[in-house]
Amino acid sequence: MSTYDTPVAGTTSTAVLEQIRRRSPDRRRRILFTGATIVTMDPALGVLDDADLLVEGDTIAAVGHGMDVAEAIVVDARHTILCPGFVDTHRHAWQAQLRRIMPDVDDLTGYVAATLAGYATVYRPQDMYVGTRLAALTAIDSGITCMLDFSHNSRSREHSDAAIQALLDTGIRGVHASMGPHFGDWDRQWPGDLTRLKKQYFSSSDQLLTLRLAALATNEIAGPALAYGTDLARIANDLGIGVSIDAVFGASSSQAVLDWQRDGLLGPDVTLIHSTGLTGHAWQAIGDTGTTVSLAPTSEAQIGLETAVPAIEEALAAGIRPGLSIDVEVALASDMFTQMRALHAIQRMRAVNAAYNTGRQPSRISTYDVLDFATLQGARTNGLHNVTGSLVAGKKADLLVIQAEDLNTMPLNDPVGTIVLGSDPRNITAVLIDGQPRKWNSHVLDVDLPTLRGHVHDSRDHVLKSTISSTSK
Ligand SMILES: [Zn+2]
């Protein structure tokens with residue numbers, strides 16, 4: 001006889017979904033997941049076997065064993081792992097209809113020329129909408145419940161509106177990080193329009209979407225208007241929003257980091273993206289100020305940003321536990337599993353390689369570390385540490401149900417190892433964001449795929465055709 005008891009077919013059944021949705025307007029609506037392996041990512045709680053998790057309204061009400069809860073919709077979660085939703089700390093979502101258009105791009109210059117100086121310049125508001133929505137839906141499908149959209153093609157107010165509306169329409173926990181475009185004609189409404197955006201879309205402190213200011217590290221790519229400094233820092237400060245800074249690498253960014261430190265412009269509300277090839281002094285400044293860091297492991301290694309080596313050793317040495325990010329789908333994979341595995345392999349390779357034939361004992365990151373970066377540290381990096389990133393009472397219910405007895409995950413021997421090294425989006429059968437089911441029975445909800453496909457193709461075709469005709473003028 002096997003000790004394995006067959007999971008109930010109704011783990012994430014349609015009948016349960018209907019019950020949840022029927023009762024969802026009720027803020028006290030309760031969902032009780034029972035019998036799961038719960039990877040809380042909370043340092044105190046750890047991993048719980050055969051445990052229960054109670055969602056009440058949009059919030060995690062309790063995590064523990066043998067709960068007896070009145071009036072709850074029960075989800076039999078045996079043979080699954082419950083895990084916090086992944087947090088993407090930087091993606092240029094508007095580009096999703098151009099995904100994998102340059103899978104072997106040579107370098108950053110090639111990417112900038114084709115995308116930011118080319119395709120971006122012909123984007124209409126509806127193209128912003130289509131790309132951003134597609135990216136967000138794909139994120140949800142692959143278990144990313146919180147995504148920072150580094151939206152750096154805000155050519156007009158309408159472009160910003162469209163990008164925000166796309167996040168709203170998917171139900172993702174979105175962070176709209178707004179920046180003007182690098183090249184071409186645009187309305188120059190940014191950064192002034194941030195005041196309107198804040199008022200119109202981000203007035204509540206308890207809502208799914210948050211706003212950040214996005215900027216570049218230096219004037220090297222697109223001139224001084226987009227470069228972070230005292231002017232942009234004042235705007236962010238006046239609005240009470242965080243700042244995410246892209247293209248942080250090399251000698252010029254190292255100098256910029258020291259200048260920001262001198263001017264008091266660093267801190268926990270500021271995120272430095274990539275951070276490859278920075279000097280020791282720059283890392284010291286980042287560590288001393290508690291500035292957050294977003295690594296995009298495949299972006300750095302595959303496109304080749306500065307040293308091309310993800311700066312995980314440097315970040316940890318400076319006392320920074322980074323968040324992870326996807327960056328550009330035009331050349332890279334869309335999901336967080338890829339980022340966790342790439343970083344896990346790269347850091348361990350670096351550590352062992354540096355110690356090879358020296359007798360030194362390399363310090364290596366673990367699967368738990370990269371899962372921490374992909375969840376709790378990502379939430380901290382996005383300024384949402386108290387909201388999401390771990391499964392503890394009081395946080396919003398952003399969680400994944402991962403099948404632990406599928407063909408590629410059975411048998412469950414180590415839950416964290418199974419998530420990081422063994423799982424992929426197909427094993428995520430359910431995704432809750434803010435207590436609402438967004439993926440159920442392995443399908444992203446509320447998506448009409450044929451209609452979406454039509455919009456994506458139309459937008460992609462428009463962008464390609466218009467780019468060709470505008471560059472041949
Ligand atoms: Zn980027």
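# A guided tour of the loops, strands and domains

Start by selecting P191, which sits in the loop between β8 (173-178) and α5 (194-201). Helices (H or I, at least four residues) and strands (E, at least two) are DSSP runs, numbered from the N terminus. The peptide bond that leads from W190 to P191 is cis, with omega near 10°.

Before moving on, a word about what is on your screen. This is a predicted model, in which local features need pLDDT of at least 70 and side-chain atom pairs count only at pLDDT 80 or more, while totals for chains, interfaces and linings use all residues. Residues are numbered from 1 along each chain as its sequence is written.

**Stop 1: another cis bond**

Now select M410 and P411. The peptide bond between them is cis too, with omega near -15°. P411 belongs to the loop between β14 (399-403) and α14.

**Stop 2: the two domains**

Colour the chain by domain: domain 1 is 14-85 + 389-441, and domain 2 is 86-381. These bounds come from an automatic or database domain assignment. Between the C-alpha centres of domain 1 and domain 2 there are 28 Å. Their contact takes 22 residues from domain 1 and 28 residues from domain 2; two residues are in contact if their C-beta atoms, placed from the backbone, lie within 7 Å.

Which elements give two or more residues to the side of domain 1 that touches domain 2? They are α14 (415-422), β15 (428-433) and β16 (436-440). Of these, α14 gives the most, with five residues. By type, the residues on this side of domain 1 are eleven nonpolar, six polar and five charged. Here Ala, Val, Leu, Ile, Met, Phe, Trp, Tyr, Cys and Pro count as nonpolar, Asp, Glu, Lys and Arg as charged, and the others, Gly among them, as polar.

**Stop 3**

Zoom in on β16, where four of the five residues are buried. A residue is buried if 20 or more other C-beta atoms lie within 10 Å of its own, exposed if 12 or fewer, and partly exposed in between, with C-beta atoms placed from the backbone.

Show β15 next: β15 and β16 pair in the antiparallel sense over three bridges. Two strands pair if DSSP finds at least two bridges between them. Click on V431 and you can look for its bridge partner in β16, K439. In this hairpin, with two residues between the strands, D434 takes a positive phi near 55°.

In β17, K439 has V444 as its bridge partner. The hairpin of β16 and β17 has two residues between the strands, and N441 in the turn shows a positive phi of about 50°.

**Stop 4**

Follow the chain to D446, in the loop between β17 and α15 (449-471). D446 is not a glycine, yet its phi is positive, about 60°. Is D446 buried or exposed? It is exposed, because 11 other C-beta atoms lie within 10 Å.

Jump to A308, in the loop between α9 (297-304) and α10 (312-317). Phi of A308 is near 70°, again a positive value in a residue other than glycine. A308 has 15 other C-beta atoms within 10 Å, so it counts as partly exposed.

**Last stop: R364**

Finish at R364, in the loop between α11 (336-355) and α12 (367-374). R364 is partly exposed because it has 14 C-beta neighbours inside 10 Å. Leaving aside neighbours within four places in sequence, R364 is in contact with Q347, R348 and A351.
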